[in-house]
Structure formats: structure tokens, C-alpha cells
Amino acid sequence: MGIITVATTPLPDAHDLDDDGDDAVRRDAEAGESSRASRHWWDRNADEYQDEHGEFLGDDRFTWCPEGLDEAEARLLGEVEGRTVLEIGAGAAQCSRWLARQGARPVALDISFRQLQHSLRIDLARDTPPVPVVQADAAVLPFADGSFDLACSAYGAVPFSADTAALMREVHRVLRPGGRWVFSVTHPIRWAFPDEPGVEGLTAVASYFDRTPYVEQDEQGRATYVEHHRTIGDRVRELVGAGFRLLDLVEPEWPAGHEQEWGGWSPLRGRLIPGTAIFVAERD
């Protein structure tokens with residue numbers, strides 16, 4: 001399988017683009033607009049994201065969610081040694097680096113060139129062989145049919161894709177028969193609540209059934225950030241429609257002693273309502 005390695009030079013200075021004037025609205029956003037917004041937003045915000053969350057994520061830790069559920073404990077992918085694994089929405093490839101230490105052969109894919117440059121930065125600092133990386137949209141995977149044994153995504157790509165039914169079909173296509181596809185997303189019930197860590201985030205203010213995307217847009221009305229909501233039932237139907245069999249749906253509880261907040265994730269909210277949903281599926 002050919003690898004398209006896009007991060008080949010040390011990390012340069014990022015462009016300084018200010019999003020302070022963007023408006024947050026609920027409106028339709030088609031696939032092309034969503035993809036462009038995600039690529040530009042993550043290129044622009046990758047540095048800040050890695051600075052803020054890098055310590056929690058580690059350089060080679062595979063954590064599924066802000067609740068801190070690690071693959072080392074959960075083993076949702078099953079046996080990974082000797083397996084080819086596609087990490088979708090990989091960011092700086094922390095999960096792929098952990099997989100490589102377990103004897104897997106990972107490929108880290110992300111839509112953001114800047115995020116993948118952070119993967120190179122980590123590898124250079126550690127003086128370890130670089131994780132193979134590919135810059136691409138998860139809804140149009142640049143791999144041949146049956147290229148991978150496993151696929152995973154920890155809060156990557158899925159919420160930002162306008163057509164996740166197509167994304168699921170693409171993952172199914174590049175997996176070999178019997179291959180697992182495991183991905184974590186914000187728990188769909190959270191869309192009914194404000195994205196706030198305090199008591200203000202405990203009162204439902206929107207309909208769980210409203211699938212209208214959340215969009216941040218500039219003064220010209222161009223989307224700069226887009227997230228798409230699907231219900232639990234929507235996700236199950238997408239998986240089954242793509243040819244997967246749902247094995248498990250994990251809703252991690254907030255662990256005792258874990259006091260670190262991450263955006264709208266907090267001990268207060270985490271002990272009352274689920275923050276993460278992890279779908280474990282297998283290709284027919």
C-alpha cells in the first residue's frame with residue numbers, strides 16, 4: 001500500500017488568523033463547505049489545540065475521550081499486533097504512535113496539514129521513526145479496497161463530515177472482511193444542552209432531534225467551523241447501511257478523581273449525563 005507522506009519539513013510559523021468576529025448559527029452546510037471549513041479551522045487552530053491538550057493526550061497515548069478511557073484498558077480494537085490500522089482524524093497521531101508501540105502498522109490520516117506537521121514535530125523530538133501520515137478528507141479515502149485490518153477515530157472527522165453515511169461506506173470499503181471500525185464522538189444527547197462545563201450546561205435548551213448543523217461563519221457568511229449532529233439511531237443506521245454490524249456502544253462514565261475539564265466536559269456534567277459515545281462495529 002502506498003503512503004502519501006505530506007509532513008516532510010520541520011514545523012514553520014502558523015498563519016495568524018483571528019476568528020473573534022465569527023457568528024455562531026444553526027444552518028445547513030453541505031459537504032464541500034464543511035470540508036473546507038474543517039481544513040482551514042484545524043490548520044489555523046492546531047498550534048493552540050496541541051498547546052492546550054497536548055499534555056493530556058501525551059505523545060503516544062491512545063485515549064478515546066475527555067473522560068480518559070484509554071485503549072490500553074478498554075481494548076475495543078481487539079488484538080492490534082501485526083495489524084494494519086487506519087486512524088481517521090488523527091491530529092498529531094498520538095493514537096497511531098501508541099498503536100505502533102503495540103506492534104501495529106498504523107497510518108494516520110487527517111484533513112489538516114498543520115495537525116500532521118505536529119505529528120512530525122513529536123517524532124523529531126523523540127528521535128523515532130515518523131508515523132506514516134496522509135492528508136485527506138475522511139469521506140474520500142485515498143486507499144485501495146481492503147487495505148486495512150482495523151480503523152479507528154478518537155473524536156476525529158466524523159462530527160465534522162456532512163455526509164457520514166458516505167464516510168461509513170468509505171471505511172467499510174478500505175477494511176478487510178471482519179475488520180473493526182471503532183470511533184468516538186460527543187454523545188448525541190449533549191446537543192440538547194449548552195456546551196458549558198458548569199451548571200448552565202445542565203439544562204436542555206434545544207431539541208435532540210434537530211439535525212441542523214452548528215456553524216461558525218465570518219462576516220461574508222462563509223463557514224469557518226462546522227459540526228454535524230446525528231442521533232444515536234442515525235449512527236446505528238449509517239453503520240448498518242454501510243455493511244457493518246454493531247458490536248457495542250460504550251458510554252464512558254466520569255471516573256472518580258478525574259478533575260480535569262475539557263471544554264464542556266467536566267466532573268459536574270460527567271457525573272450526571274454522558275459526554276462520549278464510542279461505537280464498536282465490525283465489517284461483514
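On a 1 Å grid over the protein atoms alone, a cavity is a set of points where a 1.4 Å probe fits but cannot get out, with lining residues having an atom within 4 Å of a point. Grid points are joined across faces, edges and corners, and a volume is the space filled by probe spheres set on the points. By that rule, the count here is one cavity of 30 Å³ or more.

A quick word on the model: it is predicted, so local features need pLDDT of at least 70 and side-chain atom pairs pLDDT 80 or more, while totals for chains, interfaces and linings use all residues. Residues are numbered from 1 along each chain as its sequence is written, and side-chain values use heavy atoms, leaving out hydrogens and water.

The largest cavity has a volume of about 80 Å³. Its lining includes Pro159, Trp191, His228 and Arg235.

Now for the salt bridges (a side-chain nitrogen of Lys or Arg within 4 Å of a carboxyl oxygen of Asp or Glu). The whole structure has 17, and here are some of them:

| Pair | Closest N and O atoms |
|---|---|
| Arg27 and Glu33 | 2.9 Å |
| Arg114 and Asp47 | 2.7 Å |
| Arg173 and Glu170 | 2.8 Å |

Arg114 sits in helix 4 (residues 113-126) and Asp47 in helix 1 (residues 31-57), 67 residues apart, so this pair links distant parts of the chain. Helices are DSSP runs of H or I with at least four residues, numbered from the N terminus. Arg114 is buried at 7% relative accessibility, and Glu33 is buried at 17%; buried means under 20% relative accessible area with a 1.4 Å probe, protein chains only. Asp60, Arg101 and Arg126 are linked in a salt-bridge network.

Key
1 Å grid on protein atoms, 1.4 Å probe; cavity = no way out; pocket = protein on both sides within 12 Å on 5 of 7 lines; lining within 4 Å. Buried < 20%, exposed > 50% of the residue type's maximum accessible area, 1.4 Å probe, protein only. Helix = DSSP H or I, 4+ residues; strand = E, 2+ residues; numbered from the N terminus.
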